[in-house]
Amino acid sequence: MKIKNICCIGAGYVGGPTMAVIAHKCPDIKVTIVDLNAQRIADWNDENTENLPVYEPGLDKIVLSARGRNLFFSTDVEKAIDEAEMIFISVNTPTKTYGLGKGMAADLKYIELCARQIAAVSKNNKIVVEKSTLPVRTAEAIKNILDNTGNGVEFQILSNPEFLAEGTAIDDLLNPDRVLIGGGTDTKGQEAIEALVEVYANWIPKERILTTNVWSSELSKLTANAFLAQRVSSINAMSELCEKTGADVSEVARAIGMDSRIGSKFLKASVGFGGSCFQKDILNLVYIAKSYGLNEVADYWEQVIIMNDHQKRRFAANIIKTLYNTVSGKKIAFLGWAFKKDTNDTRESAAIYVADDLLFEQANIAVYDPKVEEHTIFRDLDYLATRKPEENKEGVTVFEDPYEACRDAHAIAILTEWDEFKQYDWDRIYHNMKKPAFVFDGRNVLDVEEMRSKGFVFSSIGK
Ligand code: UDX
Ligand code: ADP
């Protein structure tokens, strides 16, 4: 079966870029991305690509190449479902904040809603593709809902987890290490898999398109994220030891990374990993392991999160301790708020938690981030609900100019590794700061010796 019409439910960080690339590479396929959030859809349709809701290098060009040709953004969910042969579910699956599995299990209410909507609208057979990261065996739940609430039409469920990393999404989509497609093992399942393989084969060599059963595919996504996060927690654990022993974590990372069995990627010590995936997926893994009574497996993976929380808290504690055990009333400048460079996404960013700890000590925080908007920063802090929104407004000021953010500050904390930080006139920044002028580099972006030679009291994670 050759796919001619695709619908994607959810126009977020995954759905938006993924579908834009499919439309760009497959001019014969009509791709419609729908979302309940009308503002988000309006932003995707905005003439001025600076207003696209997702910032990703190269995304604007891809959108412009296909939008209005075979790429459409719409709020008419039902119409898009009805017309499509293949429907991607790309809605958010946050960690549950209530009830059973609170703080651990994925909240599948948005997924369930999508499944019910697909079932209600569909008048002919459809292939439903899970794009969102989901707990193992979610496909079964989706199939159950579809088969029991549908109009007697047939649904094939595929799992096609997305491995793109934010900030490099377009490169990752154009040139992925692999594409994973899980599906049913019977003839119809295999036909559905083949239909999706053909879509990707428009630009991806077939040997990089891997097909498995649904459960392997679902579990592979959680496993990949758990392994990646584990590397960050492992190097972060060593960073604390480096600080005590005089070893330099970058040197250690380089030395071990040259062992081809270990590999050099994902060994950068930092203030902690953030993002919408790592913590959520590991918590999910822990929850699943526990629900099967596999306590040792659960504890093993939970340690990755415990280490990450420790790293964020330790960074804030170091700032407080170094500033003579008090930051009350002191201006601390935050350079960066996003969870990594080249994205405007702030979900689970270390910056939020470091700010929270410093606000608890009554610091005044001045934030500058090249891509994150002021309302997002306050939304992140208010979401923690550790203090009233008025108090967050009082403790935090957002600046559009990094030099102003740093003026009269006692200390600077680098929370995101934006490239532009390396180009700043650090002499000018030093000149306008309170003395002694402290810099806490949570991302290892600046050179230790150079910063010290300018007069800064400088500390960098793991050095
Ligand atoms: C991750 C996975 O990489 C991707 O395959 C999956 O689809 C979604 O989750 P993402 O969260 O977008 O992608 O970004 P990633 O580059 O993995 O970084 C996650 C966090 O780890 C960031 O906060 C980053 O700064 C941090 N990190 C990464 C480190 O602290 N050190 C490293 O060496 C690498
Ligand atoms: P991700 O990083 O997984 O892409 P986002 O939160 O960025 O997550 O995007 C998910 C999108 O899915 C949001 O824009 C949200 O409005 C949308 N969404 C959630 N549930 C539905 C639904 N039932 N129908 C349409 N869109 C939905």
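Begin by selecting Arg 428 and Tyr 403, where Arg 428 lies over the face of Tyr 403, at 3.8 Å from the ring centre; a charge counts as sitting over a ring if NZ of Lys or CZ of Arg is within 6 Å of the ring centre and within 35 degrees of the ring normal. This is a predicted model, in which local features need pLDDT of at least 70 and side-chain atom pairs count only at pLDDT 80 or more, while totals for chains, interfaces and linings use all residues. Residues are numbered from 1 along each chain as its sequence is written, chains are lettered from A and ligands numbered from 1 in the order in which they are written, and side-chain values use heavy atoms, with hydrogens and water left out.

Rings of Phe, Tyr and Trp (its six-membered ring) pair if their centres lie within 6.5 Å, and planes under 30 degrees apart count as stacked, over 60 as edge-to-face and the rest as tilted. Tyr 403 lies in helix α16 (residues 402-406) and Tyr 424 in the loop between α17 (420-423) and α18 (426-431), so this pair ties together parts that are 21 residues apart in sequence. Helices (H or I, at least four residues) and strands (E, at least two) are DSSP runs, numbered from the N terminus.

Tyr 424 and Trp 426 are both buried, where buried means under 20% relative accessible area, exposed over 50%, and partly exposed in between (1.4 Å probe, protein chains only). To see the whole cluster, select Tyr 403, Phe 421, Tyr 424, Trp 426, Tyr 430 and Phe 456, which are linked by ring pairs.

Now move to helix α13 (residues 350-360), in which eight of the 11 residues are buried. Its buried residues, among them Ile 352, Val 354 and Leu 358, pack against α12 (295-322), β9 (331-335), β10 (364-368), α14 (374-384), α15 (389-395) and β11 (396-398); contact here means heavy atoms within 4.5 Å. After α13 comes Gln 362, whose phi is positive, near 65°.

Select Phe 155 next, in strand β6 (residues 155-159). Phe 155 is buried, with a relative accessible area of 1%, and the residues that it touches include Ile 118, Val 128 and Leu 146.

Which residues come nearest to ligand 1? Of the 20 residues around ligand 1, they are Phe 163, Glu 166, Ser 270, Lys 340 and Arg 443, and a residue is near a molecule or strand if one of its heavy atoms lies within 4 Å of it. A polar side-chain atom of Ser 270 lies 2.6 Å from an oxygen atom of ligand 1, and a side-chain N or O atom of Lys 340 is 2.7 Å from an oxygen atom of this ligand.

Finish at ligand 2, which is surrounded by 15 residues, the closest being Tyr 13, Val 14, Asp 35, Arg 40 and Arg 347. A polar side-chain atom of Arg 40 lies 2.5 Å from an oxygen atom of ligand 2, and a polar side-chain atom of Arg 347 lies 2.8 Å from an oxygen atom of ligand 2.

Key
A polar contact is a pair of N or O atoms within 3.5 Å; within protein, one must be able to donate a hydrogen and the other to accept it, and residues adjacent in sequence count only if both atoms are side-chain atoms. Lists of a residue's contacts leave out its neighbours within four places in sequence.
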